[in-house]
Amino acid sequence: MGTTESDDEVLTLKAAAEVLHVSEQTLRGWDKAGKLRAKRHPMNGYRLYPRRQVLELRRQILSGSESAS
C-alpha cells in the first residue's frame, strides 16, 4: 500500500488540544483564523486535525518560533 499510517492519521479536537497543551476553544479559534485548519468528518462534522500538522505546530511552539495566540 502506498500510504503509511502517519500520512492519513488524524486527531480529534480533544486529542489535538491535549497534544498542543491548549484548550479546545483555542483550537476552534485557530481553525477560524486559518492557523491550524481542521478537516470535517463527512458524517458527523467533527473537526479532525492531521496528526503530522499538529506535531509540527507543537515543535514550533516548544521551540518558541510560533506565538500561541
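A salt bridge is a side-chain nitrogen of Lys or Arg within 4 Å of a carboxyl oxygen of Asp or Glu. The exercises below concern a predicted model, in which local features need pLDDT of at least 70, side-chain atom pairs count only at pLDDT 80 or more, and totals for chains, interfaces and linings use all residues. Residues are numbered from 1 along each chain as its sequence is written, and side-chain values use heavy atoms, with hydrogens and water left out.

**Exercise 1. Determine which residues form the salt-bridge network that contains Asp31.**

Step 1. Arg37 and Asp31 form a salt bridge through their side chains, at 3.7 Å from N to O.

Step 2. Asp31 also meets the side chain of Arg47 in a salt bridge, at 3.0 Å from N to O. Arg47 belongs to strand β3 (residues 47-50) and Asp31 to helix α3 (residues 24-33), so this pair ties together parts that are 16 residues apart in sequence. Here helices (H or I, at least four residues) and strands (E, at least two) are DSSP runs, numbered from the N terminus.

Step 3. The network of salt bridges therefore links Asp31, Arg37 and Arg47.

Step 4. Buried means under 20% relative accessible area, exposed over 50%, and partly exposed in between (1.4 Å probe, protein chains only). With 7% relative accessibility, Asp31 counts as buried, and Arg47 is buried as well.

**Exercise 2. State which parts of the chain the salt bridge between Arg51 and Glu9 ties together.**

Step 1. The side chains of Arg51 and Glu9 meet at 3.7 Å, N to O.

Step 2. Arg51 lies in helix α4 (residues 51-63), while Glu9 lies in the loop between α1 (5-8) and β1 (10-12), so the bridge joins parts that are 42 residues apart in sequence.

Step 3. Arg51 is partly exposed, at 30% relative accessibility; Glu9 is also partly exposed, at 31%.

Step 4. The model has a count of five salt bridges.

**Exercise 3. Describe which way the side chains of β3 point.**

Step 1. In a regular strand the side chains alternate between the two faces of the sheet.

Step 2. In β3, Arg47 and Tyr49 point one way, Leu48 and Pro50 the other way, and all are buried.
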